[in-house]
Amino acid sequence: MSDRFVLIVVAVLAIVAGAVAQRWLSAGAADWQGPESVFPDLSGSPVRLSDERSEVLLLNFWASWCEPCREEMPVLDGLHAEFGPRGLRVVGLALEDRDAIAAFLRQLPVGYRILVGERGGDALAARLGNAGGGLPFTVAFDSRGRVLATFLGPQTRSGFLAAIEPRLAPSR
């Protein structure tokens with residue numbers, strides 16, 4: 001075999017391997033049906049909501065001035081801590097500016113990710129079924145981004161669990 005032939009075969013195999021790897025790596029992302037929105041975290045780094053998916057993603061729209069939101073946050077934090085190992089991810093999307101959010105979280109810290117939704121968060125909530133803009137508003141997504149349930153107003157632990165627990169991985 002000539003050296004040129006070997007180089008061509010190696011190049012073709014590399015191209016095919018690259019295409020197969022790309023298809024394999026993007027297979028999970030291709031089936032995401034949830035929002036493709038990007039919001040900054042508190043440090044200003046952009047976060048794509050589709051990258052936050054898990055067995056169940058609870059996307060909670062809230063604001064620090066919303067008393068029912070503040071009452072619900074410990075419930076969400078408890079669920080995050082207890083059911084995170086079973087595939088629950090909680091993301092809070094605050095509908096206000098970063099400074100107000102940071103000041104509030106110094107008083108009431110939570111263990112789940114908080115994003116800044118002052119630009120576009122309300123529009124996303126409306127697209128997900130909250131046309132009236134009430135808070136808190138939470139959407140539960142499955143691992144493919146399909147809406148499992150929506151919750152308007154503060155929820156209890158049992159209220160959330162009724163909708164999401166069947167989708168979580170079994171306890172170990």
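Trainee: Which residues point one way from β6, and which the other way?
Mentor: Phe 137, Val 139 and Phe 141 point one way, while Thr 138, Ala 140 and Asp 142 point the other way, and all are buried. Before we go on: this is a predicted model, in which local features need pLDDT of at least 70, side-chain atom pairs count only at pLDDT 80 or more, and totals for chains, interfaces and linings use all residues. Residues are numbered from 1 along each chain as its sequence is written, and side-chain values use heavy atoms, with hydrogens and water left out.

Trainee: What makes β6 largely enclosed by the rest of the structure?
Mentor: Six of its six residues are buried, so β6 is largely enclosed by the rest of the structure. Buried means under 20% relative accessible area, exposed over 50% and partly exposed in between, with a 1.4 Å probe and protein chains only.

Trainee: Why is Ser 37 called buried?
Mentor: Its relative accessible area is 15%, so Ser 37 counts as buried, the limit being under 20%. Ser 37 lies in the loop between α1 (3–30) and β1 (38–40). Beyond its neighbours within four places in sequence, Ser 37 is in contact (heavy atoms within 4.5 Å) with Val 47, Arg 48, Leu 49, Leu 124 and Arg 127.

Trainee: How do you know that β6 and β7 pair?
Mentor: Two strands pair if DSSP finds at least two bridges between them. Strand β6 (residues 137–142) and strand β7 (residues 147–152) have five bridges, in the antiparallel sense. Val 139, for instance, has Thr 150 in β7 as its bridge partner. These two strands form a hairpin with four residues between them, and Gly 145 in the turn has a positive phi of about 90°.

Trainee: Which strand pairs with β6 over six bridges?
Mentor: That is β3 (residues 56–62), again in the antiparallel sense. Leu 57 has Phe 141 of β6 as its bridge partner.

Trainee: Why is α2 called oblique to α5?
Mentor: Helix α2 (residues 67–83) and helix α5 (residues 157–164) pack at an angle of about 45°, with their axes 10 Å apart. That makes α2 oblique to α5: angles under 35 degrees count as roughly parallel, over 145 as roughly antiparallel, 65 to 115 as roughly perpendicular and the rest as oblique.

Trainee: Which residues make that contact?
Mentor: Glu 72, Val 75, Leu 76, Leu 79, Glu 82 and Phe 83 of α2 meet Arg 157, Phe 160 and Leu 161 of α5.

Note on methods
Axes fitted to C-alpha atoms, helices over the stretch in contact; angles between N-to-C directions.
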